[in-house]
Amino acid sequence: MKACFRGAVAMAACLTLLPLSAMADDGMSVADKPLAYSHASLDLLAALSHSPLNTPAYAGKNSDLMYLDNGLVLEGSDLQTPDGYTSGFRVTAGFSPVNLPRLDLGAEFTYRESDEVPTRHADQALLVNTTTLGGSLVAGVRLGQLGLYAKSGFAEWEGDPVTQSESLYMATAGTARIQGFGARLQHNRLVSRLEFEEIDAPSMAHLNLITASLHYAF
C-alpha cells in the first residue's frame, strides 16, 4: 500500500512539474530568438524612413528636402536656365493630407535674375536685365513610380536697359500669370523628368522652359 501511495505521489509531482518545464522551455526559446526583435526594429525604421517614392511629385532632381515633425516638407533648390542668362532659387513648403498620403499640396516662391537678355521694345532691339519674383500653388499626385504635378500663380517682374544711352522709358515692369506642369518616372535609380513652365508675358519669354532629363544615381 505504501509503495502504491508513493508511486501516486511521484506521478502527481511529475504532472505538476510538466507545465512548469514547458513554460521554462518556451522562455528559453523566446530568449534564444533575439533576431525577431531585430527584424521588427528594422521594419519599423523602414516604415519611418523617407524612401524616394515618398518624395513630393513636384520636387526637382537637385532639390534639398527637409521633413518636419508636423508633416511639413520644405524644398529648396537653385534655378539656372540652360542658356545661362538666368539664375535664382526656389523654396517650396508642402504637405500630404493624412487621408490622402499620395497627394502633394504646396506653395512655391521663386526668385530669378536674368542678365543681358535680348528682347525688343517699340520695334527696337535691346538688352535688358530682369528680376522676377513669383508665387504659385502646386498640386501633385504620386502613382507608384509615376509622379504628376501642376502649378499656377503670378509673377512680378521688372526689366532695365543694360546701356546708359537707352532711354529710361524703355524700362519695363508688370505682373503676369505663371503656369506649368511636370511628370517624373522613377525605376530603381533611374529617374526621368519632363517639365514645362510659362510666364504669360512677352518680355519674360526667356523664362519659358520645356525640359526633359534622365538622371541615374550611382
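Residues are classed by relative accessible area as buried (under 20%), exposed (over 50%) or partly exposed (in between), with a 1.4 Å probe and protein chains only. The model is predicted, so that local features need pLDDT of at least 70 and side-chain atom pairs count only at pLDDT 80 or more, whereas totals for chains, interfaces and linings use all residues. Residues are numbered from 1 along each chain as its sequence is written, and side-chain values use heavy atoms, with hydrogens and water left out.

Three aromatic pairs are present in the structure. Rings of Phe, Tyr and Trp (its six-membered ring) pair if their centres lie within 6.5 Å, and the planes count as stacked under 30 degrees apart, edge-to-face over 60 and tilted for the rest. The ring centres of Phe89 and Phe109 are 6.3 Å apart and the planes meet at 50°, so this pair is tilted. Because Phe89 belongs to strand 3 (residues 86–95) and Phe109 to strand 4 (residues 103–121), the pair ties together parts that are 20 residues apart in sequence; strands (E, at least two residues) are DSSP runs numbered from the N terminus. Phe109 is partly exposed at 39% relative accessibility, and Phe89 is likewise partly exposed, at 33%. Together with Tyr111, Phe89 and Phe109 form one aromatic cluster.

A charge sits over a ring at another site: Arg177 lies over the face of Phe154, 5.8 Å from the ring centre. This assignment requires NZ of Lys or CZ of Arg within 6 Å of the ring centre and within 35 degrees of the ring normal.

Asn188, in the loop between strand 7 (172–187) and strand 8 (190–199), is exposed at 60% relative accessibility. The phi of Asn188 is near 55°, a positive value in a residue other than glycine.

Conventions:
Helix = DSSP H or I, 4+ residues; strand = E, 2+ residues; numbered from the N terminus.
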